[in-house]
Amino acid sequence: MISGAEIVIRCLQEEKVDYVFGYPGGSVLHIYDALFKQEDVKHILVRHEQAAVHAADAYSRSSQKVGVALVTSGPGVTNTVTGIATAYMDSIPMVVLCGQVPTQYIGQDAFQECDTVGITRPCVKHNFLVKDVKDLALTIKKAFHIASTGRPGPVVVDIPKDITAQVCEFDYPKSVQMRSYNPVVKGHLGQIKKAVQILQEAKRPIIYTGGGVILSDAAEKLTTLARKLNFPVTNTLMGLGGYPATDKQFVGMLGMHGTFEANNAMHFADVILAIGARFDDRVIGNPEHFGEEKRRVIHIDIDPSSISKRVKVDVPIVGNVNDVLDEILKLMDGGFTADPEVADWWKQIDEWRGRNSLAYRQSEHIMPQYVVEKLYEVTGGDAFITSDVGQHQMFAAQYYKFDKPRRWINSGGLGTMGVGLPYGMGVLLANPGSQVACVTGEGSIQMCIQELSTCKQYELPIKIINLNNGMLGMVRQWQEMFYSKRYSQSYVTSLPDFVKLAESYGHVGMRIERPEDVEPALRKAFTEYKDRLVFMDFIIDPGANVFPMVAAGKGLTEMILAEDI
Amino acid sequence: MRHIISILIENEAGALSRVAGLFSARGYNIESLTVAPTEDPSLSRMTILTWGSDEVLEQITKQLNKLVDVVKVVDLSEAAHVERELMLIKVRATGKDREEMKRMADIFRGRIIDVTESTYVIELTGASSKLDSFIAALDAGLILETVRTGVCGIGRGDRILKV
């Protein structure tokens with residue numbers, strides 16, 4: 001017989017969890033005590049619970065494992081909500097273990113009590129309140145099972161303190177069966193045959209892929225398929241790295257800040273092969289405008305509710321992307337001839353490419369795009385890049401060419417500022433020794449800046465690329481373009497001296513103000529200071545904007561290009 | 001279009017709020033909702049009356065199926081089914097109205113299940129439209145209180161919703 005707290009830790013050991021990100025407090029003291037008495041599960045003490053969840057999230061994004069966070073009741077839980085919602089929107093498998101006040105106090109407005117299950121319900125894949133210590137192991141097993149299967153997502157397990165003190169036999173189930181939860185994995189063969197037939201008839205095809213390709217580890221299969229088809233490929237923000245960005249078939253990211261060629265190819269395609277992507281508003285722009293073109297859509301997704309949600313789909317295929325691509329490849333081996341007119345389509349795409357829509361103006365100041373380009377060169381295109389949310393995120397997505405999956409770590413769905421630094425922590429712990437850069441801005445970085453302390457404690461040598469324009473850049477860009485330059489609250493005054501700030505935490509700080517210093521500074525950071533966290537404060541051109549841009553409510557082809565301004 | 005959605009759901013604490021939360025979060029309508037355990041006490045059967053286009057209904061059923069506690073979902077109104085709703089209505093029953101109320105209850109095949117000197121409680125079962133008609137047939141000034149269960153329904157013949 002062991003205590004509930006020991007059961008929690010044993011479960012984590014059984015799940016081969018090597019890191020838990022957390023913050024202790026009253027309701028989880030028994031669990032922290034059990035944690036103390038063993039060495040298999042290592043704990044990373046963050047400085048704010050939000051960061052614990054972000055780090056666990058990135059740990060998962062950059063590996064194939066389930067991220068785990070552990071927090072106390074009440075404020076510990078409410079602080080995790082942003083992180084849970086972030087993971088939920090991007091379908092990241094994660095288990096969040098929360099302390100709760102003792103069972104008999106629940107509902108009495110006890111100290112540090114909150115309705116955890118109620119507060120998190122709309123932003124979790126599922127959640128549990130454990131009411132009996134005998135249910136604890138099975139509940140945690142279910143949590144890992146639900147988080148990591150089907151369309152992945154965060155699962156919260158709320159554990160009252162008295163449960164962690166009670167004892168019972170420990171028996172960790174090998175597998176778990178739930179009559180109410182049986183996600184479909186294999187695609188319907190008839191539908192897959194239909195899809196292959198349509199691909200053969202396509203004259204202006206496009207392969208449009210999203211985060212689902214990354215999550216199901218199908219990047220390799222996608223590449224094989226795309227090469228066999230010789231069709232153009234575009235990725236969503238979440239899908240970057242799912243197909244090698246340096247490949248000639250890649251037409252770039254699509255959507256609000258997608259390339260001219262990607263957006264046009266998507267809009268004018270006669271056949272769209274959508275794989276693990278969900279036609280969201282940042283991708284297709286105005287749905288009425290998008291619906292004006294006649295086309296056939298094949299949609300592969302593990303979540304039936306993603307299909308025909310925003311765009312009518314002709315051939316829905318519900319299943320795991322990896323398995324479905326397998327089936328498609330098998331069918332194609334039986335003979336596949338693409339339509340010869342695809343060659344004309346490529347000519348059209350090359351013409352669109354000729355617009356060179358990612359060209360940007362030169363300046364005496366540092367251009368943010370240039371910093372990302374140099375970062376790409378210096379890291380050999382092989383770094384893990386985390387980002388926050390705003391202009392810098394788009395610059396990183398547009399100019400860092402991701403050839404591998406799980407290298408681009410950002411909050412695509414929820415768009416959470418502040419994730420970049422804790423994301424870097426999670427990535428480094430999952431991939432020790434890797435190059436990790438956090439491309440951020442002076443607005444976002446301050447939302448979780450306290451984690452510089454965590455990075456010192458665990459010696460996490462993240463390279464922070466702070467694209468500092470003294471402005472909430474994306475807000476400023478919209479205000480410049482759509483609000484007659486009324487810059488309401490989009491400037492950031494009273495900024496700290498980031499160099500001194502970094503140094504005060506025991507890190508290396510650099511301030512880079514001239515374009516010619518960008519590359520040497522980056523080289524220095526990644527060589528001389530390889531093992532140190534380096535806060536690189538790049539003072540950039542404050543007028544730099546992200547282009548191309550599809551304004552809100554506009555059609556995908558109604559792009560504003562840099563030269564239009 | 002009016003739809004009746006039947007759900008088999010794990011009889012767990014919070015299961016109802018997952019369904020209700022889904023409807024409010026995604027902006028779907030709930031006209032009525034009834035829920036009670038089935039012959040298997042580990043399962044609850046929920047019936048939701050909702051309105052929406054075919055696309056919205058497709059999303060509603062898909063989203064419901066996604067809830068981990070939901071075992072099965074069916075749109076009853078897609079095929080032959082029967083539906084019933086129970087209403088208890090308290091009416092003033094004095095003077096000449098007392099006899100009239102009794103007559104009306106008989107016409108609609110309602111039953112008077114509580115009697116005082118001045119009031120009746122009438123129990124009426126049927127399709128929602130029948131209950132509506134009954135209310136419309138009464139003098140509004142005489143209605144003291146109404147309570148309706150909301151629609152519940154079941155498929156005809158071999159259409160069975162079971163685990």
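The model I am reading is predicted.

**Entry 1. Chain B as a whole**

With that cut-off I looked up the contacts in chain B between residues at least 6 apart in sequence, and 71% of them join residues at least 24 apart. I then listed the secondary structure of chain B and found 4 helices and 9 strands. Read along the sequence, these follow the pattern β-α-β-β-α-β-β-α-β-β-α-β-β. I noted the extent of the C-alpha trace of chain B along its principal axes as about 55 × 35 × 35 Å. Of the 163 residues in chain B, 28% count as buried.

I also consulted the UniProt record, an unreviewed entry, which places the feature "domain: ACT" at residues 4-78 of chain B. Over this stretch I find 32% helix and 37% strand. The end C-alpha atoms of residues 4-78 of chain B are 9 Å apart.

**Entry 2. Contact between chains A and B**

I looked up which residues meet across the two chains: 12 residues of chain A are in contact with 16 residues of chain B.

I traced an open sheet of 6 strands in chain A, in the order β3-β2-β4-β5-β7-β6, with parallel pairing. Which strands stand at the edges? They are β3 (42-45) and β6 (126-129) of chain A; each has a single partner strand, so one side of each is left without a neighbour in the sheet. Direction ignored, neighbouring strands of this sheet are turned by 20° against each other on average.

Strand β2 (residues 19-22) of chain A runs parallel to β3(A), and 4 bridges join the two. Within this pair, I find H43(A) of β3(A) as the bridge partner of V20(A).

I then recorded two helices on the sheet. Helix α3 (residues 49-61) of chain A packs on it, touching β2, β3, β4 (67-71) and β5 (94-100) of chain A. The direction of α3 makes about 165° with that of β4(A). Helix α7 (residues 136-148) of chain A also packs on the sheet and touches β5, β6 and β7 (154-160) of chain A. For α7, I note an angle of about 165° with the direction of β7(A).

**Entry 3. The sheet from β15 to β20 of chain A**

I traced a further open sheet of 6 strands in chain A, ordered β16-β15-β17-β18-β20-β19, and its pairing is parallel. The edge strands here are β16 (408-409) and β19 (508-512) of chain A, each of which pairs on one side only. I counted 5 bridges between β19(A) and strand β20 (residues 534-539) of chain A, which pair in the parallel sense. M510(A) stands opposite M536(A) in β20(A).

Helix α23 (residues 515-526) of chain A packs on this sheet, where I see it touching β18 (463-468), β19 and β20 of chain A. The direction of α23 makes about 170° with that of β19(A).

**Entry 4. Single residues of chain A**

I looked up E373(A), which lies in helix α17 (residues 368-378) of chain A. Is E373(A) buried or exposed? I class E373(A) as buried, because 20 other C-beta atoms lie within 10 Å and the cut-off for a buried residue is 20 or more. The C-alpha atoms of E373(A) and Y400(A) are separated by 6.4 Å, although the two residues are 27 apart along the chain.

I next checked backbone angles. N230(A), a residue other than glycine, has a positive phi near 55°. I place N230(A) in the loop between α11 (219-229) and β10 (233-235) of chain A. N230(A) counts as partly exposed, because it has 13 C-beta neighbours inside 10 Å.

K485(A) is not a glycine, yet I find a positive phi of about 60°. K485(A) lies in the loop between α21 (473-482) and α22 (498-504) of chain A. With 9 other C-beta atoms within 10 Å, K485(A) is exposed.

Last, I looked up a peptide bond: the one from F547(A) to P548(A) is cis, with omega near -5°. I find P548(A) in the loop between β20 and β21 (549-550) of chain A.

Definitions and conventions
Residues numbered from 1 in each chain as written. Chains lettered and ligands numbered in written order. Predicted model: local features only at pLDDT ≥ 70, side-chain atom pairs only at ≥ 80, totals over all residues. Pairing = 2+ DSSP bridges. Contact = placed C-beta atoms within 7 Å. Axes fitted to C-alpha atoms, helices over the stretch in contact; angles between N-to-C directions. Buried ≥ 20, exposed ≤ 12 C-beta atoms within 10 Å, placed from the backbone. UniProt positions renumbered as here; feature names shortened; annotations may be inferred.
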